[in-house]
Amino acid sequence: MNKVKAGLIQMGLKADTNESPEKIRDLMNEAHIQLIDQAGESGVQILCMQEVFNQPYFCPSQDTKWYSAAERIPEGPTIQLLKQYAQKHQMVIIAPIYEEDMTGIYYNTAAVIDADGQYLGKYRKTHIPQVAGFWEKFFFKPGQSNWPVFETKYGKIGVYICYDRHFPEGWRALALNGAEVIFNPSATVAGLSKYLWELEQPAAAVANGCYIAAINRVGNEAPWDIGTFYGSSYFVNPRGEIEAQASEEKDELLICDLNLELVREVRNQWQFFRDRRPETYDILTKGE
């Protein structure tokens, strides 16, 4: 297919963080279903939500309570629910959730469901930050997904999660594996890195000749209040041009028509993949 209608959902938290993770999950899933149905009615073919979309961004804490927010993939309740909606709307759904692999081993993961409701696989966040306010290593084991690209009904897609976006190697690996569109679900607050929000992904889109969809949540989350999640989700094309962007503060379904023929056009024009010299890059894979 040359054109694909894609959608992104950004959303603020719909529950008090004093509630149980199970109750928060149910309330957030319910809130998202309304926009998923809206996306389906609008003809969206590929839809992605924000990082750990049905929980707060709990990493400012180091509270073991949040381990119970993790779900099995694909057996858990959220993926089983979304499989039904993917089939209902003939829509590919990318669902970033907290994953339990086994007791004590948890990942920051995005599950990919095809338009017929079949579970295709998952990507586990590769790069895990550990700085003030972002104690992610307390909650997430680094993933080693080998840069999967999912051949969906509507195109070849990849996923790269939040902090991953600061590492150019993963964008390149996904593109080399055939990704035409890469989704980057995030939980990013205003502050030091906000100016990078509209810099890194457009640069990565140009360097790799692909579309990138950047998704961010909105609002503030007590009791941590590490800053304001500023939304501003967007689609950027292979020329680095932002084609559609959401607001900074509202729950929103952002829809954009992606011309996948532009991927071929830009890659043939620039020929970055032809001219790259991986045999000279040994330093990139050397350990300490």
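**Pockets, cores and salt bridges**

Me: How does the lining of the largest pocket divide into nonpolar, polar and charged residues?
Reply: It divides into eleven nonpolar, three polar and six charged residues. Ala, Val, Leu, Ile, Met, Phe, Trp, Tyr, Cys and Pro count as nonpolar, Asp, Glu, Lys and Arg as charged, and the others, Gly among them, as polar. Bear in mind that this is a predicted model: local features need pLDDT of at least 70 and side-chain atom pairs count only at pLDDT 80 or more, while totals for chains, interfaces and linings use all residues. Residues are numbered from 1 along each chain as its sequence is written, and side-chain values use heavy atoms, with hydrogens and water left out.

Me: OK, how much space lies in that largest pocket?
Reply: About 430 Å³. Its lining has 20 residues, and P168, E169, R172, R276 and L284 are the closest to the centre. A pocket here is an open set of points on a 1 Å grid over the protein atoms alone, where a 1.4 Å probe fits, with protein on both sides within 12 Å along at least five of seven lines; lining residues have an atom within 4 Å of a point. The volume is the space filled by probe spheres set on the points, which are joined across faces, edges and corners.

Me: Which element gives the most to that lining?
Reply: Helix 3, with six residues. (Helices are DSSP runs of H or I with at least four residues, strands are E runs of at least two, and both are numbered from the N terminus.)

Me: And the second largest pocket, which residues lie nearest its centre?
Reply: F134, Y163, H166, T188 and S193, out of 17 lining residues. The volume of this second pocket is about 340 Å³. Its lining has ten nonpolar, four polar and three charged residues.

Me: Switching topic: how many residues are in the largest nonpolar core?
Reply: There are 46, and I94, I157, F183 and F235 have the most contacts inside it. Strand 11 (residues 211–216) gives the largest share of this core, five residues. A core means buried Ala, Val, Leu, Ile, Met, Phe, Trp, Tyr and Cys residues joined through side-chain atoms within 4.5 Å. Buried is under 20% relative accessible area, exposed over 50%, and partly exposed in between, using a 1.4 Å probe and protein chains only.

Me: What is I94 in contact with, leaving aside neighbours within four places in sequence?
Reply: I46, L47, C48, M49, A110, A111, V112, I157, V159 and F183. Contact means heavy atoms within 4.5 Å. There's also a second, separate core of 43 residues, including M28, I33, A70 and L82.

Me: Now salt bridges. What does the count come to?
Reply: 16, where a side-chain nitrogen of Lys or Arg has to be within 4 Å of a carboxyl oxygen of Asp or Glu. One of them pairs D37 with K88, with the closest N and O atoms 3.1 Å apart. D37 is in helix 1 (residues 21–41) and K88 in helix 2 (residues 77–89), so this pair links distant parts of the chain, 51 residues apart.

Me: Is D37 buried or exposed?
Reply: D37 counts as buried because its relative accessibility is 17%. K88, at 51%, counts as exposed.

Me: What about K125, which residue does it form a salt bridge with?
Reply: E136, the closest N and O atoms being 2.8 Å apart. Both K125 and E136 are buried.

Me: Which residues are linked in a network of salt bridges?
Reply: E99, D101, K122 and R124.
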